[in-house]
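Thank you all for making the time this morning.

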Amino acid sequence: MEYLSLLTAEMLCNTIAVVSVAILLVYTWRVLNWAWFRPKKLEKCLRLSGLKGNPYKLLYGDLNELTKSIIEAKSKPINFSDDIAQRLIPFFLNAINKNAFYQSCSEMLSKWEEIVQKETSFELDVWPDLQVMTSEVISRTTFGSSYQEGRIVFELQKEQVEYVTEKGRSIYVPRSRFLPTKTNKRMLEIEKEIQTTIRRIIDKRLRVMKAGEKNNEDLLGILLESNLEEIELHGSKEFGMTTSEVIEECKLFYFAGQEITSVLLVWTMILLCLHPEWQVRAREEVLQVFRIEKPDFEGLNRLKIVTMILYETLRLFPPLPVFGRRTKEEVKLGELNLPDGVVVLIPAVFVHYDKEIWSEDAKEFKPERFSEGVSKATNGQVSFIPFGGGPRICVGQNFAMLEAKMAIAMILQRFSFELSPSYTHAPFAVVTIHPQYGAPLLMRKL
């Protein structure tokens, strides 16, 4: 019996050892596949398709070169005549130049879905004010009467974006977000506070709706009412959005709506300072349509010159200088065969400065390009992509344009403005294109 017990114990130990080794081998393979074999396989597929590019480097990839190029670009301002692409996306621009990747990118884009879009002057940095103004607008649009609580969300998300941007420029280590670092702890605190704030607003709104009161005058109200109707129609909560999903929708709408509009407004004002003749023309149009009255929806749609100016601003300073799409399956783009899992980066700022599309004056501010609309200006090509393109085009583009028209019209009714001598031209990308040193303007009340 003792011999049998020893034999059984030995067999058990052997079994545990075999299982442990098997588990170790499985996880070792997964790590190797993630860190080496899969990236090398993708690299091979892309090279067979005719794309060269830099060779894959274990873990680091092009991170060192990317970080170095950004630091170097931010170290010095540029002239107005310089190419802003070199300052906004220097690494990608250098990669495009080094690998003649530009033509492939241009051909790819052309095959994608067509996009159907007073006296005394005083110095004022309008950039922080425009950010606050657009955050309030989006707060009221999203949360209605609870917009003061919504402003807390804006401040928190603004801080969170800085952390996310910083992490995006460092080595990605799986599950590293769970490490108890100072940054991770703060990011977790921010996320919890955002969730708690929005959830509190939602709970308050649901109590009002359950009491029989209609509340569909803002985004949150529309989402909640639509969600309840969907659940009632199917008789199950499985057909509606969860509270967490509603929160995520609010967060996305809030950030995208605020960021895009604020950067559009600040660069529009800067360009109108540089081109006072267009500022005069825009003001004349606004006063002709509205005089000094409050702009209305019908009148905003008649602002042809203002619209041309906004489009040209979006061309020269697209909110997202570069954005990406990840293939979910094998995709054929022209003569390229891209396997699943490939991230395709689209340098909007480079496309917007393409002389073959926009002619030799591509760097110049010429709103008259859009006098007959976007399609005419681009000769039918998908080459004007400030809000992305295709089925994932920004759903808030009309909202952003309407808000920008309203703000510019009201500013032109009340002020004239020019660049302050202290202004330094230094656009840089923090998800969207920001003026690194603000936008100090000399404002004059009319």
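Let me start with a question: in which sense do strand 6 and strand 9 pair, and over how many bridges? Strand 9, which covers residues 440-445, pairs with strand 6 in the antiparallel sense, and the pairing runs over 5 bridges. Please keep in mind throughout that what we are looking at is a predicted model. If you want one place to look within this pairing, take Leu419, whose bridge partner in strand 9 is Leu441.

Stepping back to the sheet as a whole, we find 3 strands in an open arrangement, in the order 1-9-6, with antiparallel pairing. The edges are formed by strand 1, residues 121-125, and by strand 6, residues 415-419, each of which pairs on one side only. Leaving direction aside, neighbouring strands of this sheet are turned by 35° against each other on average.

Now to the helix that goes with this sheet. Helix 17, residues 397-414, packs on the sheet and touches both strand 6 and strand 9, and its direction makes about 95° with that of strand 6.

Is Glu403 buried or exposed? Its relative accessible area is 9%, and because anything under 20% counts as buried, Glu403 is placed in the buried class. Leaving out residues up to four places away in sequence, Glu403 touches Met133, Thr134, Val137 and Thr261.

The second residue is Ile408, also found in helix 17, and with a relative accessibility of 4% Ile408 counts as buried too. With the same exclusion of residues up to four places away in sequence, the contacts of Ile408 are Leu265, Thr268, Met269, Val306 and Leu310. As for distances, Ile408 and Val266 are separated by 142 residues in sequence, while their C-alpha atoms lie 10.0 Å apart in space.

Finally, let me turn to the loop between helix 16, residues 374-377, and helix 17, where we find Cys394. The UniProt entry, which is unreviewed, carries the annotation "binding site" covering Cys394, and I would treat that label with some care, as such annotations may be inferred rather than shown by experiment. In the model, Cys394 touches Ile260 and Phe387, again not counting residues up to four places away in sequence.

Methods: Residues numbered from 1 in each chain as written. Predicted model: local features only at pLDDT ≥ 70, side-chain atom pairs only at ≥ 80, totals over all residues. Heavy atoms only, no water. Pairing = 2+ DSSP bridges. Helix = DSSP H or I, 4+ residues; strand = E, 2+ residues; numbered from the N terminus. Axes fitted to C-alpha atoms, helices over the stretch in contact; angles between N-to-C directions. Contact = heavy atoms within 4.5 Å. Buried < 20%, exposed > 50% of the residue type's maximum accessible area, 1.4 Å probe, protein only.
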